[in-house]
Amino acid sequence: VRHEDLAGAETILDNANRSAPPDARVVGLQALVFLRQGKLAAALEAVTKALALEPQNAHLAARRALILSEMGDYANAEQILNEAITMLPTAGGFHALMGTLMLRQGRRSDARVAYREALRYEPHHTGYRSQLEELAEA
C-alpha cells in the first residue's frame, strides 16, 4: 500500500470486499490503510473483523495491538501483542513493536529486553539495533 494513494487503496479494498466473500487478508489490508490515514476507529473495526475470520493469524493480532497502542490502550495492546508473540515467537517485528509499546509507557528496561529479543531473530536489522543502542545510552 503506497502512502501517496491511500484513498485509492481504500476504494480498491472496499470494492474487493463487496464483490467477494470476506477475506481476512483484504480486511487486514483495509485496517492498515485506515491506520495510515489516521482513521483509528475504522482500523480497529477492520482488524477485528479480519481476526474474526482468521483468529490464529499472528500478524493480524499484532496489527490490532499496534492500532490499540496508537489509540493509547496500552494494556490491551500489550495483552494482544503477547498473544501474537506466543503464536509466532520468531517474528522480530513483534518483539520490536513490544519495545515501542514499552517505551510509550516509560518502561525502558522492558523495552531493552524486547529489542534484544527482536535482534535475536533479526540480527541485521539496523533499526532495532539503533533503538537498543539509544536505550543503552540513556
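Predicted model: local features only at pLDDT ≥ 70, side-chain atom pairs only at ≥ 80, totals over all residues.

**The whole chain**

The secondary structure comprises eight helices and zero strands. Read from the N terminus, the elements follow the order α-α-α-α-α-α-α-α. If the chain is coloured by burial, 39% of its 138 residues fall in the buried class. Among contacts with a separation of 6 or more, 45% join residues 24 or more positions apart.

**Helix H2: Val 33**

Next, select Val 33, which is situated in helix H2. Is this residue buried or exposed? Its relative accessibility is 1%, so Val 33 counts as buried.

**The loop between H3 and H4: Asn 57**

Move to Asn 57, in the loop between H3 and H4. With a relative accessible area of 17%, Asn 57 is below the 20% limit and is therefore buried. Show its side chain: at the start of H4, a side-chain oxygen of Asn 57 comes to within 3.0 Å of the backbone nitrogen of His 59. Leaving aside residues up to four places away in sequence, Asn 57 touches Leu 51 and Met 87.

**Helix H4**

Now select residues 58-70, which form helix H4. How far apart are the end C-alpha atoms of H4? They are 18 Å apart, and this agrees with the 18 Å that 13 residues should span at 1.5 Å a residue.

Display the side chains of the buried residues of H4, which are Ala 58, Leu 60, Ala 61, Ala 62, Ala 65, Ile 67, Leu 68 and Ser 69. Just after H4, stop at Gly 72, where phi is positive, at about 85°.

**The pair H3 and H4**

On the H3 side, the contact is made by Leu 40, Ala 43, Leu 44, Val 47, Thr 48, Ala 50 and Leu 51. On the H4 side, the residues are Leu 60, Ala 61, Arg 63, Arg 64, Ile 67, Leu 68 and Glu 70. The crossing of H3 and H4 is left-handed.

In such lists the spacing along a helix deserves attention: an α-helix has 3.6 residues a turn, so residues three or four places apart point the same way.

**The pair H5 and H6**

Hide the previous pair and show H5 and H6. The axes of H5 and H6 come within 10 Å and cross at roughly 160°. H5 and H6 are therefore roughly antiparallel to each other. Their contact involves Tyr 74, Ala 77, Glu 78, Leu 81, Asn 82, Ala 84 and Ile 85 of H5. From H6 come Phe 94, His 95, Leu 97, Met 98, Leu 101, Met 102 and Arg 104. This crossing of H5 and H6 is also described as left-handed.

**Helix H6 and His 95**

Select H6 by itself. The end C-alpha atoms of H6 are 19 Å apart, in agreement with the 18 Å that its 13 residues should span at 1.5 Å a residue. The buried residues of H6 are Gly 92, Phe 94, His 95, Ala 96, Leu 97, Met 98, Gly 99, Leu 101 and Met 102. The elements that cover them include H4, H5, helix H7 (108-121) and helix H8 (126-137).

Within H6, centre the view on His 95. Its relative accessible area is 8%, so His 95 is buried. Which residues does His 95 touch, not counting those up to four places away in sequence? They are Ile 85, Pro 89, Ala 114, Glu 117, Ala 118 and Tyr 121. Just after H6, Gly 106 takes a positive phi of about 75°.

**The loop between H7 and H8: Pro 123**

Finish at Pro 123, in the loop between H7 and H8. At 40% relative accessibility, Pro 123 counts as partly exposed. Pro 123 and Gly 92 are 31 residues apart in sequence, and their C-alpha atoms are 9.0 Å apart in space.

Key
Residues numbered from 1 in each chain as written. Heavy atoms only, no water. Helix = DSSP H or I, 4+ residues; strand = E, 2+ residues; numbered from the N terminus. Expected span 1.5 Å × (residues − 1). Buried < 20%, exposed > 50% of the residue type's maximum accessible area, 1.4 Å probe, protein only. Polar contact = N/O pair within 3.5 Å; in protein donor to acceptor, adjacent residues only side chain to side chain. Left-handed = near helix turned anticlockwise from the far one by under 90°. Contact = heavy atoms within 4.5 Å. Axes fitted to C-alpha atoms, helices over the stretch in contact; angles between N-to-C directions. Parallel < 35°, antiparallel > 145°, perpendicular 65-115°, else oblique.
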